[in-house]
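Hi everyone, thanks for coming. Let me put the model up, and then I'll walk you through its charged pairs, a few loops and the surface.

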Amino acid sequence: MAQGCRWGASCKLTGKKTKKMSKRETRSVRSNLLQDKPARPHASNRLKTTKYSVISFLPKNLFEQFHRFANVYFVFIALLNFVPIVGAFQPELALAPVVFILAVTAFKDLWEDYRRYRSDQEINHMDCLIYCRNEKKYVEKYWKEVQVGDFVRLRCNEIIPADIMLLSSSDPDGLCHIETANLDGETNLKQRQVIKGFTELETEFDPMKFNSVIECEKPNNDLNRFQGYIIYKNDKKAGLSKDNLLLRGCTIRNTEEVVGIVIYAGHETKAMLNNNGPRYKRSKLERQMNVDVFWCVIILVVMCLFSAIGHGLWVAGYGDQRPVFDVLSADGTSLSPALSGLYLFFTMIIVLQVLIPISLYVSIEIIKICQVFFIHQDIDLYDEETDSHLQCRALNITEDLGQIQYIFSDKTGTLTENKMVFRRCTVAGVEYSHDANGKSGLLLASTVTCLGEMKRKGISPCITIGSKEGKFTASIYTKRACIQRQGRNEEAL
């Protein structure tokens, strides 16, 4: 009721103000087949989830890396070495570790962004059927070519390329079943209904005859709400709701064929509006090290300030005489005690920079690369059914993998696999079993045969069943031998 009030709030206003409100809060969608170009340009269906471009990569990545307080400190120390009067080491030597840390992190971020780019390209070049006015039939086009107002034909098990209003279905009741696992993780099917007025069509839906206008709300990220209405040629209206909308990313199930018109495309779809985009992730260790480095810098400043004050007092104690180890200015004159103490302050920062070891950060970056390599090559994390290894998508937070303290799960199916396997059935006295059942049946038959043979020979076996490291173990112990079977499920039994 509240949603309906919000949708119809402009109806309480009168005159010209009502029209302005409705135009600002709604979107009009018309068929692209009746016009050469869309009346109003909408977002294209091209997907782009990358974080960087060729121009923005270097400044944007450096800005993100300088959120690490240690990087700012190390760059400051390296640049301080280029000042001749306070430099204590070779400037190039001091700059090398900093460049290495920044380069390794930048390469990892670039690799992650390149993988996002490849994923975008795969999605943008997926095929779908779009109605073509010139050929007067559905033709294959890429997802990135879909526009608002296009008519899309989808078949069973196909993924929906954009937010589409359902106009036709092969189901006699005008129903369409979709799977929303890509949006909310739910595998149970949901029903969608053809718009009222199109279910009574006795002939096949013809996109060329569609001349209605769809008025709907502006793009938003609410997956459970959709408000709008369709205006037919005779000026009659029919309400629209979320039950008429097929969301991008869902999969058509148990329906041979559906046809719909694109309402939202690309980054205006509800699925993409719920995607906040890639962000720079920081591990718990990195956040803690930022705090530690900050306190180390405070201690370093106090130590250097103490040395600078002491040096200034020491120089001032000589009066007009020159100290033995006095450092002259560029023109050969002696420096004042205050200026001499200031120069020594920056010199001591360079000398005592080992208080924050840059080698620690170099080691951490190398260890992260090695961790990613071992994670990808771990045979225990390999899936034989899909022939795929574990993919490490965030290369900056690998150390957090071993620091998980709590796991919150709404159900056991989140951590395990809820898989229903057909076991057996009997039809007219004939038993039909599953292939996986056959393997366990052979193992059980061989075990029973073994036990029967041992009993005939007068051997008393002892069967033990246990569990170790996630594997069930069934062992047959005798006086002479031990027969042991292991497995990850009941096949071991």
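Let me start with a definition: I call it a salt bridge when a side-chain nitrogen of Lys or Arg is within 4 Å of a carboxyl oxygen of Asp or Glu. Before I use it, a word on where this comes from: it is a predicted model, so local features need pLDDT of at least 70 and side-chain atom pairs count only at pLDDT 80 or more, while totals for chains, interfaces and linings use all residues. Residues are numbered from 1 along each chain as its sequence is written, and side-chain values use heavy atoms, with hydrogens and water left out.

Now to the charged pairs. With that rule, the count comes to 11 salt bridges. Four residues are linked in a network of them: Arg68, Lys108, Glu286 and Glu365. Let's look at one pair in there, Glu365 and Arg68, whose side chains meet in a salt bridge at 3.3 Å, N to O. Glu365 lies in helix H10 and Arg68 in the loop between helix H3 (57-65) and helix H4 (69-80), so this pair ties together parts that are 297 residues apart in sequence. When I say helix or strand, I mean DSSP runs numbered from the N terminus, with helices (H or I) of at least four residues and strands (E) of at least two.

Is that pair buried or exposed? Glu365 has a relative accessible area of 1%, so it is buried, and Arg68 is buried as well, at 7%. For these words, buried means under 20% relative accessible area, exposed means over 50%, and partly exposed is in between, with a 1.4 Å probe and protein chains only.

Next, please find Glu179 and Arg253, which form a salt bridge of 3.5 Å, N to O. Here Glu179 sits in strand S6 (residues 175-179) and Arg253 in strand S12 (residues 251-253), so the pair ties together parts 74 residues apart in sequence. Glu179 counts as buried at 17% relative accessibility, whereas Arg253 is partly exposed at 23%.

Now move over to Glu217, in strand S8 (residues 213-217). What does Glu217 pair with in a salt bridge? The partner is Arg225, with the closest N and O atoms 2.9 Å apart. Both Glu217 and Arg225 are buried, and for Glu217 the relative accessibility is 4%. The side chains of these two also make a polar contact of 2.9 Å. By polar contact I mean a pair of N or O atoms within 3.5 Å; within protein, one must be able to donate a hydrogen and the other to accept it, and residues adjacent in sequence count only if both atoms are side-chain atoms.

Glu217 has another polar partner: Asn220, whose side chain contacts that of Glu217 at 3.2 Å. Asn220 is in the loop between S8 and strand S9 (228-231), and at 16% relative accessibility it counts as buried. The side chain of Asn220 also joins that of Lys270 in a polar contact of 2.9 Å.

Asp235 is exposed, at 62% relative accessibility. From Asp235 to Ser212 it is 23 residues in sequence and 9.0 Å in space, C-alpha to C-alpha.

Lys136 is in the loop between strand S2 (127-132) and strand S3 (137-142), and is exposed at 59%. Asn157 is not a glycine either, yet its phi is positive, at about 70°. Asn157 belongs to the loop between strand S4 (151-155) and strand S5 (163-169) and is partly exposed, at 49%.

Last stop, the surface. Patches here are made of residues with over 30% relative accessible area and no salt bridge, joining like charges within 9 Å and nonpolar side chains (Val, Leu, Ile, Met, Phe, Trp, Tyr) within 5 Å. Accessible areas come from the Shrake-Rupley method with a 1.4 Å probe, and for residues only the protein chains shown count as cover. Val291, Phe294, Trp295, Ile298 and Val302 make a nonpolar surface patch of about 480 Å². One of them, Ile298, lies in helix H8 (residues 284-316) and is partly exposed at 36%.
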